[in-house]
Amino acid sequence: MVTIACAFCWSLLSSPSVYAAGIKDSKLASGTEKLIGDVTTWLMILAPVMSGLLIIYFCIRRSAADEMDTKKWNNRIIVAIVSCIGAVLGSATLNIIIGYYK
């Protein structure tokens, strides 16, 4: 079993490299790159704005709630903050990765 795995790994490592010629210049690749760049830019703008609006709404609802519901609204505020941070960090990371391909 080990010899079969070693032979398979050796065949993968010793095989010639294959390149996708012309894919960089295709409309599909450049369009996808621009689309991802635009979406991530908009996400970095919209995520904090929407999270801010939701947090304001949640604070208003929390102020009118009783003790049991106050805990739920506090949890929703925390989820909105963490989601905003996750969306912005994910978008920034994707922008950085796309930036290496330019």
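## A look at helix H2 and its surroundings

The buried residues of H2 are Gly 37, Thr 40, Ala 47, Ser 51 and Phe 58. Here, buried means under 20% relative accessible area, exposed means over 50%, and partly exposed lies in between (1.4 Å probe, protein chains only). These buried residues of H2 pack against helix H3, residues 67-99.

A quick word on the model: it is predicted, with local features needing pLDDT of at least 70 and side-chain atom pairs counting only at pLDDT 80 or more, while totals for chains, interfaces and linings use all residues. Residues are numbered from 1 along each chain as its sequence is written, and side-chain values use heavy atoms, with hydrogens and water left out.

Now the overall layout. The chain has three helices and zero strands, so read from the N terminus its elements go α-α-α, with helices (H or I, at least four residues) and strands (E, at least two) taken as DSSP runs and numbered from the N terminus. Of the 102 residues in the chain, 11% are buried. The chain exposes about 8,400 Å², and carbon and sulfur atoms supply 72% of that; the areas come from the Shrake-Rupley method with a 1.4 Å probe, and for residues only the protein chains shown count as cover.

Back to H2, which covers residues 27-63. This helix has 37 residues and reaches 53 Å from its first C-alpha to its last, close to the 54 Å expected at 1.5 Å a residue (that is, 1.5 Å times one less than the number of residues). H2 does bend, by about 25 degrees at Leu 46, and Pro 48 follows within four residues. The bend is the angle between axes fitted to the seven residues ending at a residue and the seven starting there.

Leu 43 also sits in H2. Setting aside neighbours within four places in sequence, Leu 43 is in contact with Pro 48, Ala 87 and Ser 91, where contact means heavy atoms within 4.5 Å. Leu 43 and Ala 92 are 49 residues apart in sequence, yet 9.3 Å apart in space, C-alpha to C-alpha.

What about cysteines and disulfides? A search of the whole structure turns up zero disulfides, a disulfide being a pair of cysteine sulfur atoms within 2.5 Å.

| Residue | Relative accessible area | Class |
|---|---|---|
| Leu 43 | 37% | partly exposed |
| Cys 59 | 28% | partly exposed |
| Cys 84 | 14% | buried |
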